Amino acid sequence: GVVLRKQGVDTHPKRVSVFFTMILISIYLFYCLTGYCDSISSAYDTYSNLSVSNNFGTKEFPQAIIIGVKKGGTRALLEFLRVHPDVRAVGAEPHFFDRFYEKGLQWYRNLMPRTLDGQITMEKTPSYFITREAPPRVFSMSRSTKLIVVVRDPVTRAVSDYTQTLTKSPDLPSFQNLVFKNSTTGLIDTSWSAVRIGIYAKHLENWLRYFPLAQFLFVSGEKLVTDPAGEMGRVQDFLGLKRVVTNKHFYFNQTKGFPCLKKPEGSSRPRCLGKSKGRPHPHIPAEVLHRLRDFYRPFNMKFYQMTGQDFGWD
Ligand SMILES: Nc1ncnc2c1ncn2[C@@H]1O[C@H](COP(=O)(O)OS(=O)(=O)O)[C@@H](OP(=O)(O)O)[C@H]1O
């Protein structure tokens with residue numbers, strides 16, 4: 001102090017404490033501006049085991065998850081649900097219960113958008129449905145989690161899945177080369193994921209070891225295209241939401257060949273899903289599709305019996 005005073009620096013206790021408080025506030029604001037506020041609160045969260053809260057709500061674990069199926073129409077369903085004011089959802093697929101489980105539940109919750117009382121937190125990751133470890137993991141987060149599965153004719157789903165892989169690897173062998181174990185026996189190769197994912201009864205069995213059927217909603221991927229408002233009615237009822245998303249929100253876009261959302265208020269253009277949704281499928285010989293259809297039939301029947309719903313896939 002004596003040295004500072006000699007150098008002409010102000011050492012009055014009140015002014016010094018104001019000076020240091022200003023420095024602390026600036027450091028905090030700097031952290032916030034660089035996006036660290038959330039990690040500060042999440043560190044707090046880890047220790048206090050309380051939800052992070054501010055004026056804009058709290059981050060909660062999802063009360064409902066779209067767990068599958070890949071290429072079923074899961075993106076369309078999530079985007080349609082997001083129109084509802086009481087649904088808040090993560091945009092990207094978190095892949096927590098299959099890929100990033102070791103990051104821990106606090107990491108997962110921190111990905112969620114903030115919600116107010118009465119709002120539902122949601123996410124979609126279609127690979128959960130076929131992940132063996134996913135049911136016990138979701139169960140240990142919350143046994144009351146609502147599970148939504150968008151299912152689509154497994155034959156078309158397989159072709160859709162193949163089409164997606166083809167866009168990434170144009171040198172991929174033909175569909176018929178991959179679908180049969182070998183060309184002479186004509187046996188279907190169930191180790192090919194495009195085939196395996198479509199054996200819905202088998203994957204559902206795995207989930208039913210942990211969750212009662214009443215906690216599932218099976219959405220028809222086909223009806224989501226032909227009657228989006230009808231399917232959305234069922235989904236909103238299942239989630240205990242008011243039927244806000246209705247016919248008024250959709251129009252059928254002839255160019256896209258799919259339903260799109262009408263111009264949302266304040267926006268200049270209607271919303272269709274991107275180019276990666278609704279890709280044209282390559283031609284597959286009818287005989288190949290026929291053989292694949294025969295393969296799936298008993299599994300489909302089992303799935304209809306388990307769910308009490310006929311999806312009309314034959
Ligand atoms: N409204 C609307 N617009 C565009 N596409 C729609 C829509 N509703 C359902 N679908 C069908 O969704 C299929 C893609 O399914 P997913 O979103 O589940 O795919 S993914 O698993 O997330 O990659 C996608 O599959 P492909 O047609 O094979 O591309 C569509 O058929």
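1. Contact here means heavy atoms within 4.5 Å. Helices (H or I, at least four residues) and strands (E, at least two) are DSSP runs, numbered from the N terminus. This is a predicted model, where local features need pLDDT of at least 70 and side-chain atom pairs count only at pLDDT 80 or more, while totals for chains, interfaces and linings use all residues. Residues are numbered from 1 along each chain as its sequence is written, and side-chain values use heavy atoms, with hydrogens and water left out.

2. Which residues of H6 (134-141) are buried? They are Ala134, Pro135, Val138 and Met141. These four sit on the same side of H6, because they cover an arc of only 125 degrees around the axis; the arc is that of the directions from the helix axis to the C-beta atoms. Buried means under 20% relative accessible area, exposed over 50%, and partly exposed in between (1.4 Å probe, protein chains only).

3. Now the annotated site. The UniProt record, an unreviewed entry, gives a "binding site" that includes Lys71, Thr74, Arg152, Ser160, Lys277 and His281. Bear in mind that UniProt positions are given in the numbering used here, feature names are shortened, and annotations may be inferred rather than shown by experiment.

4. Lys71 lies in the loop between S3 and helix H4 (74-81). Its relative accessible area is 15%, so Lys71 counts as buried. Leaving aside residues up to four places away in sequence, Lys71 touches Arg152, Arg157, Ser160, Asp161, Gln164, Ser276, Lys277 and Arg279.

5. Ser160 belongs to helix H7 (residues 154-168) and is buried too, at 6% relative accessible area. With residues up to four places away in sequence set aside, its contacts are Lys71, Arg152 and His281.

6. As for the ligand, 23 residues surround it, and the closest are Thr74, Lys124, Ser160, Gly278 and His281; each residue counted has a heavy atom within 4 Å of the molecule. An N or O atom in the Thr74 side chain is 2.5 Å from a ligand oxygen. For Lys124, a polar side-chain atom lies 2.7 Å from an oxygen atom of the ligand, and for Lys277 that distance is 3.0 Å.

Definitions and conventions:
A polar contact is a pair of N or O atoms within 3.5 Å; within protein, one must be able to donate a hydrogen and the other to accept it, and residues adjacent in sequence count only if both atoms are side-chain atoms.
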